[in-house]
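Dear colleague,

Please find the structure we discussed below.

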Amino acid sequence: MASPPFLLLMLTVLGLLPWSSSSTLTTGFQVGLRHIDAGRNFTKLQLVQRGINRRRQRMQRMTGMVKTAEKNDIRALVHAGDGEFIAYLMIGTPPVPFPAIIDTGSDLIWTQCNPCMSCFHQSTPVFNPHHSSTFSNISCSSKLCKGVKPSKCDKSCEYRYTYGDESFTEGFMAMDTIYFGKSPKRVSIPHIGFGCGVNNRATGMEKTAGLLGLGRGVLSLVSQLGAKKFSYCLTSIHENKTSSLLFGSLASSNFTGNFAETPLIQNPLQPSYYYLSLEGVTVGGALLPIPESAFQLGNDGSGGMIIDSGTTITYLQEDVFGVVKNAFISQTKLQVANSSAIGLDLCFHLPVKNEEEVKVPKLILHFKGLNLTLPVENYMVSDPEMGLMCLAIDPTGSLSIFGNIQQQNMLVLHDLHKATLSFVPTQCDKV
């Protein structure tokens, strides 16, 4: 899971009619998002630190194998409790609360279910399928059942889904209606396949009942809706403002003009992730001497770069990061600070209270077909009280990740029909 890996968010629906598969995706629908730390009294640098701490275990595990066929289960390489955004959903008829971590790096939708043999503590009642008139089991021959490689399929399609830290959910596949928002502006989505988990082990999930997968596989909400487009637009991490998630025609209809596009790459060994084709990096006025091979996806499925809304900062393969780091040190006329206690690799002493007085080198990421010039606030975070300014990029192993700080105030449009991704500068609280 890219528990994503997944911003933690609150999810509210903005003026929507009841859902139907064809009409709603034709007209589109919009969902409001809230970061888990929105409105809390943290500086921007402290917010980044909290996000890094939530991601630490996830980063250690995202480069392994996705599936363990010998165990006949599905393995997602992130920690089940790592998401930054929570969706406050409802499930069943009558609807009951279903707070779920949103994860763009895994596919399975699941919630804890009664009778529960072993469940982690959750703040809302555990879902009881016997109390829902719209609940139904999934047949063994269904595409969704085959998608979880069932451990057993007799009367029901049984599954086991394992995450990178050995957290897991185990139960049976089913269908029910999932609701977004509150009456009278509720969106109801019927016949959504999900895992009804009766044996679950996870840490960091106390605020949730399960997970909402938004990856590229057959089990995800995106795939089950048959969505050809979706997008999100994230406000600045330190602002108490609403972000947006958009499906169908609304994913791009509010935005005019031609968007530069970069291909979405597919990795057969990690099929849930949204891979990008990064080709180079410019710092200041200089294209850095980094071979294109340093960014490429390997034949063994290693390397490459994914985009992830649930990872706070960007992580670059360590050799690439070393070149980027040295360029910022040579071009930023500030003294390098000891950043070991901060959790970021490169920080500078900030001699002034107003960080806008500091001249920061320009940063451009060169994706195939698209040159993305980042605003300074999307890659430098400051804390004038601490007297520090830090680069919101860190080194990692072979898998690079384009994080959500770098995506602030951009409409990030996934066109799944064309297999492309676009970045459109946008004031996201106005979407």
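Are Phe-367 and Phe-402 buried or exposed? Both residues are buried. Please bear in mind that this is a predicted model, and that the values in this message were computed from it.

**Aromatic pairs**

A search of the whole structure gives 12 aromatic pairs. In one of them, the ring centres of Phe-367 and Phe-402 lie 6.0 Å apart and the planes meet at 75 degrees, so this pair is edge-to-face. Phe-367 belongs to strand S24 (residues 363–367) and Phe-402 to strand S29 (residues 400–402); the pair therefore ties together parts that are 35 residues apart in sequence.

Elsewhere, ring pairs link Phe-127, Phe-135, Phe-172 and Phe-194 into a cluster. A ring is also involved in a contact with a charge: the charged end of Arg-160 sits over the ring of Phe-168, at 4.2 Å from its centre.

**The four-stranded sheet and Asp-383**

Four strands form an open sheet in the order S22-S23-S27-S26, and their pairing is antiparallel. Its edge strands are S22 (336–337) and S26 (380–383), each of which pairs on one side only. Within the sheet, strand S23 (residues 347–349) and strand S27 (residues 388–391) run antiparallel and are joined by three bridges. Here Cys-347 stands opposite Cys-390 of S27.

Asp-383 is part of the edge strand S26. Its relative accessible area is 3%, and Asp-383 is buried because this value falls under the 20% cut-off. Apart from its neighbours within four places in sequence, Asp-383 is in contact with Thr-43, Leu-45 and Leu-388.

**Ser-223**

Ser-223 is located in helix H4 (residues 221–225). With a relative accessibility of 32%, Ser-223 counts as partly exposed, because that value lies between the limits of 20% and 50%. When residues up to four places away in sequence are not counted, Ser-223 touches Gly-215, Arg-216, Gly-217 and Val-218. For Gly-217 there is a further detail: its backbone oxygen lies 2.6 Å from a polar atom of the Ser-223 side chain. Ser-223 and Asp-107 are 116 residues apart along the chain, and their C-alpha atoms are separated by 8.8 Å.

Yours sincerely

Note on methods. Residues are numbered from 1 along each chain as its sequence is written. This is a predicted model: local features need pLDDT of at least 70, side-chain atom pairs count only at pLDDT 80 or more; totals for chains, interfaces and linings use all residues. Side-chain values use heavy atoms; hydrogens and water are left out. Two strands pair if DSSP finds at least two bridges between them. Helices (H or I, at least four residues) and strands (E, at least two) are DSSP runs, numbered from the N terminus. Buried means under 20% relative accessible area, exposed over 50%, partly exposed in between (1.4 Å probe, protein chains only). Contact means heavy atoms within 4.5 Å. Rings of Phe, Tyr and Trp (its six-membered ring) pair if their centres lie within 6.5 Å; planes under 30 degrees apart count as stacked, over 60 as edge-to-face and the rest as tilted. A charge sits over a ring if NZ of Lys or CZ of Arg is within 6 Å of the ring centre and within 35 degrees of the ring normal. A polar contact is a pair of N or O atoms within 3.5 Å; within protein, one must be able to donate a hydrogen and the other to accept it, and residues adjacent in sequence count only if both atoms are side-chain atoms.
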